[in-house]
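Thanks for coming, everyone. I'll keep this short. Please look at the screen and follow along.

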Amino acid sequence: MDNNRIEGAVRQVKGSIKEAVGKIAGNTHMQAEGRAEKVAGEVQSKYGESKDTVRKTLK
């Protein structure tokens, strides 16, 4: 498994937590940061999945 998949999943969780805390606290800036981090994590995970697919295809 590619490290990008793991790191991306971690970023998604951190972003979700940050977004939830921002929502509870009424801090829209923190909510937006959390959403952005979550999306970045999704992109990073997809990148890792793509790398894994290429590796499997080339074997």
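Start with E37 and K14. Their side chains meet in a salt bridge, 3.9 Å from N to O. By salt bridge I mean a side-chain nitrogen of Lys or Arg within 4 Å of a carboxyl oxygen of Asp or Glu. The pair links distant parts of the chain: E37 sits in helix 2, K14 in helix 1, and they are 23 residues apart.

A word on where this comes from. The model is predicted, so local features need pLDDT of at least 70 and side-chain atom pairs count only at pLDDT 80 or more, while totals for chains, interfaces and linings use all residues. Residues are numbered from 1 along each chain as its sequence is written, and side-chain values use heavy atoms, with hydrogens and water left out.

Now, is E37 buried or exposed? E37 counts as buried, because its relative accessibility is 18%. The cut-offs: buried is under 20% relative accessible area, exposed is over 50%, and partly exposed is in between, with a 1.4 Å probe and protein chains only.

What else touches E37? Set aside neighbours within four places in sequence. Then E37 is in contact with R11, K14, G15 and K18. Contact here means heavy atoms within 4.5 Å.

Next, the helices. Helix 2 covers residues 28-58. Helix 1 covers residues 3-25. Both are DSSP runs, numbered from the N terminus; a helix is H or I with at least four residues, a strand is E with at least two. The chain as a whole has 2 helices and 0 strands. Its radius of gyration is 14 Å, well over the 10 Å that the globule rule gives for 59 residues, so the chain is more spread out than a compact globule. That radius is taken over C-alpha atoms, and the globule rule is 2.2 Å times the number of residues to the power 0.38. The C-alpha atoms fill a box of roughly 50 × 15 × 10 Å along the principal axes.

Let's look at helix 1. How does its span compare with what 23 residues should give? At 1.5 Å a residue it should span 33 Å, and its end C-alpha atoms are 33 Å apart, which agrees. The expected span is 1.5 Å times one less than the number of residues. At the start of helix 1, a side-chain oxygen of D2 comes within 2.9 Å of the backbone nitrogen of N4. After the helix comes G26, with a positive phi near 75°.

Which residues of helix 1 are buried? They are N4, G8, G15, E19 and G22. Their cover includes helix 2.

Side chains of opposite charge can pair when their charged atoms come close. How many salt bridges are there? The count comes to 9. One of them joins the side chains of R5 and D52, at 2.8 Å from N to O. This pair also links distant parts of the chain, R5 in helix 1 and D52 in helix 2, 47 residues apart.

D52 counts as buried, because its relative accessibility is 8%. R5 is at 27%, so R5 counts as partly exposed. Leaving aside neighbours within four places in sequence, D52 is in contact with M1, D2 and R5.

Now a pair inside helix 2. K46 forms a salt bridge with E49, the closest N and O atoms being 3.8 Å apart. An α-helix has 3.6 residues a turn, so residues three or four places apart point the same way. K46 is exposed, because its relative accessibility is 52%. E49 is partly exposed, because its relative accessible area is 31%. Salt bridges that share partners also join D2, R5, K51, D52 and R55 into one network.

One last distance. A36 is in helix 2. The C-alpha atoms of A36 and N4 are separated by 17 Å, and the two residues are 32 apart along the chain. That's my set.

Terms used
A polar contact is a pair of N or O atoms within 3.5 Å; within protein, one must be able to donate a hydrogen and the other to accept it, and residues adjacent in sequence count only if both atoms are side-chain atoms.
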